[in-house]
Amino acid sequence: REDISEYYNFLDSKYKPKTINKRMLAMKGFFNFLIEVEEINMKNPLNVYSKKKVEASKIETLTMEEFKSILHAIDTQPNLQILSTGERKNMFYPWLKDAYYLFLLTGARREEVFELKWGDIVRSEDNQTLLFRIENLKVNRNNRISNHKYKTIPITRDLHRFLIEIGLENNPDPNEYILNND
């Protein structure tokens, strides 16, 4: 018990409540393993541990005005900028605004947006709704599984209008990326 108390104090001095809870839960699970699987005759010393209160994190979002000012900067700033190191760097690419709109309208992760192909647009089972069916890259990367997991993103009215604007009705090649960022 003394060692566990020291460990808890160490965690409390270094980490936030959510991390402390995860670490203590892992320890509790390890002791349960020793008791139930290895049949060590003891009580779990972490059964008395109560989780620390974790405050909900505040999710900050952009206002529409802030979003429009980002798009305006893309239109008005010079594409080529010279960094303090003297390196010349292209800061704004032609597809960048389209990428920001897709981030906003899909809620997808950066790598998911850049992997979107026209062929990822499918109809729902009831044939009423257009959807993006895309690989869930985060889940697949974390689970290292062979059969890929997919997720669907409904294509809202605004997203549909935007997709038409960038070429949906021109019968694009299904294997072509939506963002032509070569």
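**View A. The end of helix 7.** Just after helix 7, Gly-167 adopts a positive phi of about 125°. Helices here are DSSP runs of H or I with at least four residues, strands are E runs of at least two, and both are numbered from the N terminus. This is a predicted model, with local features needing pLDDT of at least 70 and side-chain atom pairs pLDDT 80 or more, while totals for chains, interfaces and linings use all residues. Residues are numbered from 1 along each chain as its sequence is written, and side-chain values use heavy atoms, leaving out hydrogens and water.

View B. Leu-159, Phe-162 and Leu-163 are buried in helix 7 (residues 157-165). These buried residues fall within an arc of 100° seen down the axis, so they line one face of the helix; the arc is taken from the directions from the helix axis to the C-beta atoms. On the other side, Arg-157 and Glu-165 are exposed. Buried means under 20% relative accessible area, exposed over 50%, and partly exposed in between (1.4 Å probe, protein chains only).

**View C. Leu-163 and its neighbours.** Leaving aside residues up to four places away in sequence, Leu-163 touches Leu-102, Trp-118, Ile-121, Phe-132, Ile-155, Leu-168 and Ile-178. Contact means heavy atoms within 4.5 Å.

View D. Glu-112 pairs with Lys-151 in a salt bridge, with the closest N and O atoms 3.0 Å apart. Glu-112 also forms a salt bridge with Arg-109, at 3.6 Å between the closest N and O atoms. A salt bridge is a side-chain nitrogen of Lys or Arg within 4 Å of a carboxyl oxygen of Asp or Glu. Glu-112 is buried, at 2% relative accessible area.
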